[in-house]
Amino acid sequence: MHLSDIPFGVTTWADVPATEHPGERGVAVWRTQQFGTGPGGPVRVRMVEYSPGYLADHWCEKGHVLLVLAGQLDTELVDGRTFTLRPGESYQVADHAEAHRSSTAVGATLFIVD
């Protein structure tokens, strides 16, 4: 990730329009901002809320830095490893490094940069 052409700014996430993304089960609600014009394109920053019982409908190969703000997130890697993250815990993974998918029994609120 290369951050360039991003002036200082403040985001009030409640004012960012929400979009719904159905999972295999449940729904993800994204509030998305894009910033800059770095070599890899703009940086996407999201506040994401997963409903209780959410299961992603795909294996993701995009790199992220992800921070759990509330709830509990279960992340499964394509090789079978699983990780449970709670508020204040994060993960990072590079583009095309290790496919992963998310689920949550209780719901989760995440802050994601990719």
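Entry 1. I began with the surface of the protein, which exposes about 6700 Å². Carbon and sulfur atoms supply 54% of that area. I noted that the model is predicted. I then turned to burial and found that 33% of the 114 residues count as buried. For the charged side chains, I recorded 8 positive and 14 negative ones. The centres of these two sets lie 2 Å apart.

**Entry 2. Secondary structure and overall form.** I looked up the secondary structure and found 9 strands and 0 helices. Along the sequence I read the pattern β-β-β-β-β-β-β-β-β. The radius of gyration is 14 Å, close to the 13 Å that the globule rule gives for 114 residues, so the protein is as compact as a globular protein of that length. Taken along the principal axes, the box filled by the C-alpha atoms is roughly 40 × 30 × 25 Å.

**Entry 3. Contacts along the chain.** I considered contacts between residues at least 6 apart in sequence. Of these, 59% join residues at least 24 apart.

Entry 4. Strand β5 spans residues 73–77 and strand β6 spans residues 82–85. I found that they pair in the antiparallel sense, over 4 bridges. Which residue of β6 is the bridge partner of Asp-74? I identified Thr-84 as that partner.

Conventions
Residues are numbered from 1 along each chain as its sequence is written. This is a predicted model: local features need pLDDT of at least 70, side-chain atom pairs count only at pLDDT 80 or more; totals for chains, interfaces and linings use all residues. Side-chain values use heavy atoms; hydrogens and water are left out. Helices (H or I, at least four residues) and strands (E, at least two) are DSSP runs, numbered from the N terminus. The radius of gyration is taken over C-alpha atoms; the globule rule is 2.2 Å times the number of residues to the power 0.38. Buried means under 20% relative accessible area, exposed over 50%, partly exposed in between (1.4 Å probe, protein chains only). Contact means heavy atoms within 4.5 Å. Accessible areas come from the Shrake-Rupley method with a 1.4 Å probe; for residues, only the protein chains shown count as cover. Lys and Arg count as positive and Asp and Glu as negative; His and the chain ends are not counted. The place of a charge is taken as NZ of Lys, CZ of Arg, CG of Asp or CD of Glu. Two strands pair if DSSP finds at least two bridges between them.
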